Amino acid sequence: MAFLKVPVPERDGCVFVDSVFPVLLGKFDLRRYFVAPQKDTLLTNLQKKLSNVKTHDLRILSVDPHLKDGGVFVKFKYKASGAEEPALNVIEESLRQEARMNGGIATWLGPRTPNVWLVKGSPWTEDIIGRSASGILKVSFEGPDVPEETLYRLFRPYGRIEELTQPTPVPAGMQRFSTIHFNRIHSATVARNVIYGLQVPTSGGPTRLRISYTSPIEAHVIRDWITNHPKIFLPVLFFLLGTLTYTIFDPIRILMVEAKLLDWFDLKEFKVYKWLRANTLERIYSKSEAPPVDKQIWKEREDAERAIQTYLSDLPSTVTFVHGPQGSGKSTMIASALKSAERKSLVIDCRELSKASSDAQLVAGLAKQTGYWPIFSFLNSLNNLIDLASVGVIGQKAGLSRSVDEQLQQILDTVALALRNVSDKQHKAITKKIKAKERERPTDQLDKKASQREESLNEKANTPPDADQKQAQKPSLTDSGRKKENEGNEIQAVEALPIVVIRNFAGKTAREDLLNGLAQWAAKLAENQIAHVIVISDNRENSKKVAKALQSKPLNFVALYDADETSALAFVQEKLHEADVDVTLSREEKTYVQRLGGRSVDLESLINKVRSGMGVKEAVEDIVNRGVGELRKNAFGDDAEDAKNFPWTRGQAWTLLNLLSRNPEVPYHQILVDYPFKGDDSPLRSMEHAELITIATRDGLPTIIRPGKPVYRWVFERLVNDPIFRATQEIEFNNRLVSIAETTIQSCEEELLKLVEIGKNGPSTWLTEDPSSRRSRYLLKKMMESERKLEALERKNAELKKTLSKLS
C-alpha cells in the first residue's frame, strides 16, 4: 500500500534588516541625498545575497526599504509542516549567517554586517517628515494594559533599556501608554519596526501595540520651566550674557582701541597710498613751503613746551596739568610737543562730551573718541525695561542695566588695557629697530672694538699684582656697560609709552560724573606707568579733582599766560602779512593793539576785523565795547533778580572792577581783609571760574589778582567811567555801608546803656581805672567813627543822586 505524500503548506514571513541606510535624525539630515543614488543598487545586492538561503524552501518575494529608520523589510514565502515559530526562528538564524558570510552585505557605508530581525507584528513603513527617530518609544495599548514585565521581555532583545514607565491616567477617549527609553537610537528603531502592531495576550484579552517615537524634550517644556523658575533662569541667563560679552566683545574692543592708536585704518598711513601720492599728485602739484614764523611770537610758550618735553622724557609718576586762560595757546603748544615726541597719542575732549543731551550719547561720544567698538547704546533702554519687569517677576532687579558711571568706567578700563598693549608693541618695535641698526654697522667698527678689547686684555695681563686692589676700586667696564644698557632700556620704555591728552577739563557745562571718572582714570594710568597723561584746562582751580585722585603725589603744573606786548604786535603783523593785508601800524595803532594784550582770541578777532576792512583803532574799540556789554551781563546781571543767581554780590564785583580799572593787578590777601569780602574767598574763586578775573599763584598760594583777559582792564575802565552805571553801583554799595554803620551805632548804644547800669552798681575808686569807663570810651570812639562815615556816605549818595537826575 502506497503512502500518500501530504503537501506542505506555503506560508508568508518578513524580516527587518537594519543599518542598510542611515537612520535619519530630522528633516534637515542631508545624508538622505547621498543615499538616494545608490538605493536601487543596495536593494538589489541585498536581495541577491539573501536569495542564497534555501532553508524551508525560502523564496524572497520583495525588499521594501524604510529609509527613515535605515532598514529594509524583506518579505518571503517558506514551507513548514509544523508550528510557525520554530521554522521562522530557523529562517531568521539562516539569514543572519548568510549576512555575516563573505564580507557581509553592501550598505551605504560599504560592506558591513547588518543584523536580521524577525518581524513579529505588522510593519508600517510611513515616511512622515515631521516624525524622526529617537531613543524613546511611546507604546500605546489598544486594549487592556500590558504588564511591565511583559513589555521588558518584548523589547529587551533589541537593546539596553534605560527607563520603562508604567501607564499613567489619561483623559477619556485616549489610549493609555508606557514609555520605553533605549540607550541607543538604533535599538529603538529596530524595536519599533519589529514589534509594531503585535497583539499581546493579557488577562483582560488581547492588546494591540502601537509604537511611535517621542522627542527627548516635550513640547513647551523649556518655556514652562523658565516660566516656573524665573529666579533661577534669569540670573543664569544674565551671567551667560556677561560671560559672552567678556569673552567675545571685550577682546574686539581692545583691538579696535589699539587700531585707533596705531592708525591701522588710516588710509594715509598705507604704503600704497603714500606711493601713489608721491608718484601722482606730488609730481603734478608742488607743495608750497610755509612762510617762516617769527620765533618771537612763540617765545612765551617755549618754557611751557620745554616743561612738557621734560615730563615726557621720564617714566610717568604723576599727571601734568596744563592751565592757562582761554586763547593762550595751550592746544597749539601741546600739539607741537606731541609732534616733536613722535609717539602714539589719544585725545579726549571733555567739551565735546558735555554737548551730549542724554546718557546714551555721552557713552557713545566717549566710545567714539577712544575707538571703543562695538557699543550697543540702543540696549540701555531695553535693559531698563528688563530690570523693571524682573522686579515684578522675581522681586528684585536683574542687574542687566548699569549706571552711566559704570558704563564710562568700563570703557576707560578697556582703553587702559589697550594702552598697555600698545606700549608693549611699541617697545618690541623699538627694540627690533635697534637690533637691525646694530646688524648694519660697518665691519671696521667691529674690528676696532675687537682691537680695543684685545688691548684691554693685554693691559690687564701686564698689570702688577699690587695694582689689583687699586684697579678693583675703579668702576669696571662691565659695570659701566650694564649701566648704559639699563639706561637704554629705560629710554626705550619711555619712548614706547603712549600719551593721553584730556582737553577742556572741567568746562562750564561738564558733568561731574564724567570729570571724576576721567580724573581717577588719569591717576591710575600715571601711577601704573601705562601712559603719560596731560590734562588741559582754562583754570587752575579745576585741578582739584585730579589732585584728589592722586593722593600720594603732587601734580606737575605747567602754566601758560598771555604773550607780552612785543610778541602780540609781531603776531598781528605776521598774520596780516600772511593775509596779504598791507597795513603799516602807526604808533597810535600799536598803542591800541597793546590794549588787547597777548590773548590770541582777541588778536585773531582784531585780524579778522582788519581783513574785512575795518581800521585797527575802530576794530579795537569794537572789541572793547563788546566786552563792556558782556561784562555788564556776566558780572552784574540784567536786573536785581538775575544778580541773585550769581555766587557773588554786585558790591563784590564792583569793588574788584573799580580797583582793577586803576591798577593792572591788586594783592589777593588785601582784597580779602576789608568789606565786602571779609575773608571769604569763594566769590573770588567763582569769578575766576567765570573768567572775569585771573588769580596768579606763587609756590601754590594765590598772590595777585588780574583781569580775566588783558582787554578787560580797558573794559573795566570803560565800565567804571560810565557815569550812570558808576552812580547806580556806588549808591547801592554805599547803602550797604550805611546799613553796616547804622548797625554798628545801634549796637554801641545798646552796650553803653548796659555799661551805665554796671557803673551805678559797681564799686568806684579814683586810684584804679574803671573797666566800664574804658569800654565806654572805646565804644564812643567807635560810634563817632561810624557816625562820621555814615554822614559822609549819605552826603556822597545825595551828590550821586543829583548826578543821576541831571544825566536822566
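1. Strand E1 (residues 10-17) pairs with strand E6 in the antiparallel sense, over three bridges. Val 17 stands opposite Val 116 in E6. Two strands count as paired if DSSP finds at least two bridges between them. Strands (E, at least two residues) and helices (H or I, at least four) are DSSP runs, numbered from the N terminus.

2. A word on the source. This is a predicted model, where local features need pLDDT of at least 70, side-chain atom pairs count only at pLDDT 80 or more, and totals for chains, interfaces and linings use all residues. Residues are numbered from 1 along each chain as its sequence is written, and side-chain values use heavy atoms, with hydrogens and water left out.

3. Which strands make up the open sheet, and in what order? There are four, in the order E2-E3-E1-E6, with antiparallel pairing. Strand E2 (59-66) and strand E6 (116-118) are at the edges; each has a single partner strand, so one side of each lacks a neighbour in the sheet. From one strand to the next, the twist averages 30 degrees.

4. Two helices go with this sheet. Helix H2 (residues 39-50) lies across E1, E2 and strand E3 (71-79), and runs at about 150 degrees to E2. Helix H3 (residues 84-100) packs on the sheet and touches E1, E3 and E6. The direction of H3 makes about 170 degrees with that of E6. Contact means heavy atoms within 4.5 Å. Axes are lines fitted to C-alpha atoms, for helices over the stretch in contact; angles run from 0 to 180 degrees between N-to-C directions.

5. Now to strand E12 (residues 320-323). E12 runs parallel to strand E15 (residues 532-537), joined by four bridges. Four bridges also join E12 to strand E16 (residues 556-559), again parallel. Thr 320 has a bridge partner in E15, Ile 534, and another in E16, Asn 556.

6. Are the residues of E12 buried or exposed? Thr 320 and Val 322 point one way, Phe 321 and His 323 the other, and all are buried. Buried means under 20% relative accessible area, exposed over 50%, and partly exposed in between (1.4 Å probe, protein chains only). In a regular strand the side chains alternate between the two faces of the sheet.

7. Leu 312 deserves a look. This residue is found in helix H10 (residues 299-312). Leu 312 counts as buried because its relative accessibility is 6%. Not counting residues up to four places away in sequence, Leu 312 touches Ala 341, Arg 343, Val 494, Ile 499, His 532 and Ile 534. Leu 312 and Leu 497 lie 185 residues apart in sequence, and 9.1 Å apart in space, C-alpha to C-alpha.
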